[in-house]
Amino acid sequence: MATKKTETINLLPLKKERYIITITGDTPLIIHSWGEKAKKEMLDKQMKVTKTKGKDIRNPFAEFLDALYWITDRPVEDTEEAFYEAVKNGAKFGFPVTGIKQATQSTLYRLGAIPNQMLVRGAFFIKGYGKHQLAEIITPEPPECVEDMVKIGGVSKVSDLRYRPYFNNWQMKLEVEYTVNSQITFEQIVNGIEYAGAMNGIGEWRIERDGPYGKFHIENVERID
């Protein structure tokens, strides 16, 4: 009676390296977090909740505050005075690291450097803060509240106004964990981030979306292990 042969696959011990990759903005960064009020309005609409009162008066500066990703606490009051007091007291803002990783893997795939994006997803991890996994935006000045005209809707688009934060001068220090055993080299990942900054961008109205914003380059790479 023939015996069934078994094949043993030996995996090398998992090895990881950690780096700080500093990226510097070449064009302003526009961010747009969905505030709690906006999310509640969307949920109410989907649940067909009927409002008994008239439409709320719009507060552009409150929309600006809601569009920020806050690492420190958001001011309770929706005023410029409260915002600049928070800035004076060391307010910190962030950007989701998932946006940077997605830009990197998308760029590498479109350039033909990798056969599929899954290859990159498991090769490196960018550490972030909190539930939104944020990288801190390092800036010498507070973000500017800018009014933009946008198109919303499906086929029959309508115009609307958005009030969003613009970071004119910005940097981020990305804490990157690289899996040495992966099928992609760390040099390819670094180059992918660099290409992503030049060809894809991050944030709203970025290069990938026919805009000029969110462009960046790598300033420094430092191993921390």
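User: Which side chain does the side chain of Glu-17 make a polar contact with?
Analyst: Keep in mind that this is a predicted model. Glu-17 has its place in strand S1, which covers residues 16-25. Its side chain makes a polar contact at 2.6 Å, and the partner is the side chain of Tyr-19.

User: Is Glu-17 buried or exposed?
Analyst: Let's start with what surrounds it. Leaving aside neighbours within four places in sequence, Glu-17 is in contact with several residues, including Val-176, Val-180 and Arg-223. The cut-off for buried is under 20% relative accessible area. Glu-17 has 11% relative accessibility, so it counts as buried.

User: What is the bridge partner of Glu-17 in S9?
Analyst: First, look at the strands. S1 and strand S9 (residues 171-179) run antiparallel, joined by nine bridges. Within S9, the residue paired with Glu-17 is Tyr-178.

User: Which residue stands opposite Tyr-178 on the S5 side?
Analyst: S9 also pairs with strand S5, residues 124-127, in the antiparallel sense over four bridges. In that pairing, the residue opposite Tyr-178 is Phe-124.

User: How many residues apart are Lys-16 and Glu-177?
Analyst: Side chains of opposite charge can pair when their charged atoms come close. Here the side chains of Lys-16 and Glu-177 meet in a salt bridge, 3.3 Å from N to O. The pair links distant parts of the chain, with Lys-16 in strand S1 and Glu-177 in strand S9, and the separation is 161 residues.

User: How many salt bridges does a search of the whole structure find?
Analyst: Another one brings together the side chains of Arg-74 and Asp-78, at 2.7 Å from N to O. Arg-74 is partly exposed at 28% relative accessibility, and Asp-78 is partly exposed too, at 31%. Searching the whole structure gives a total of twelve.

User: Which residues do salt bridges that share partners join into one network?
Analyst: Start from Arg-162, which forms a salt bridge with Asp-160, their closest N and O atoms being 2.7 Å apart. Arg-162 counts as buried at 17%, whereas Asp-160 is partly exposed at 21%. Through shared partners, the network is made of Arg-58, Glu-63, Asp-160 and Arg-162.

User: What is the phi of Trp-205 near?
Analyst: Most residues other than glycine have a negative phi. Trp-205 lies in the loop between helix H6 (186-199) and strand S10 (216-223), and it is partly exposed, with a relative accessible area of 44%. Its phi is a positive value, near 50°.

User: And what about Asp-210: what is its phi near?
Analyst: Asp-210 lies in the loop between H6 and S10 as well. With a relative accessible area of 74%, Asp-210 is exposed. Its phi is positive too, near 65°.

User: What accessible area do Leu-111, Tyr-195 and Met-199 have together?
Analyst: Tyr-195 is found in helix H6. Its relative accessible area is 44%, so Tyr-195 is partly exposed. Leu-111, Tyr-195 and Met-199 form a nonpolar patch on the surface, and their accessible area together is about 280 Å².

Terms used
Residues numbered from 1 in each chain as written. Predicted model: local features only at pLDDT ≥ 70, side-chain atom pairs only at ≥ 80, totals over all residues. Heavy atoms only, no water. Helix = DSSP H or I, 4+ residues; strand = E, 2+ residues; numbered from the N terminus. Buried < 20%, exposed > 50% of the residue type's maximum accessible area, 1.4 Å probe, protein only. Polar contact = N/O pair within 3.5 Å; in protein donor to acceptor, adjacent residues only side chain to side chain. Contact = heavy atoms within 4.5 Å. Patch = residues over 30% accessible without salt bridge, like charges linked within 9 Å, V, L, I, M, F, W, Y side chains within 5 Å. Areas by Shrake-Rupley, 256 points an atom, 1.4 Å probe, with all protein chains shown as cover. Salt bridge = Lys/Arg side-chain N within 4 Å of Asp/Glu carboxyl O. Pairing = 2+ DSSP bridges.
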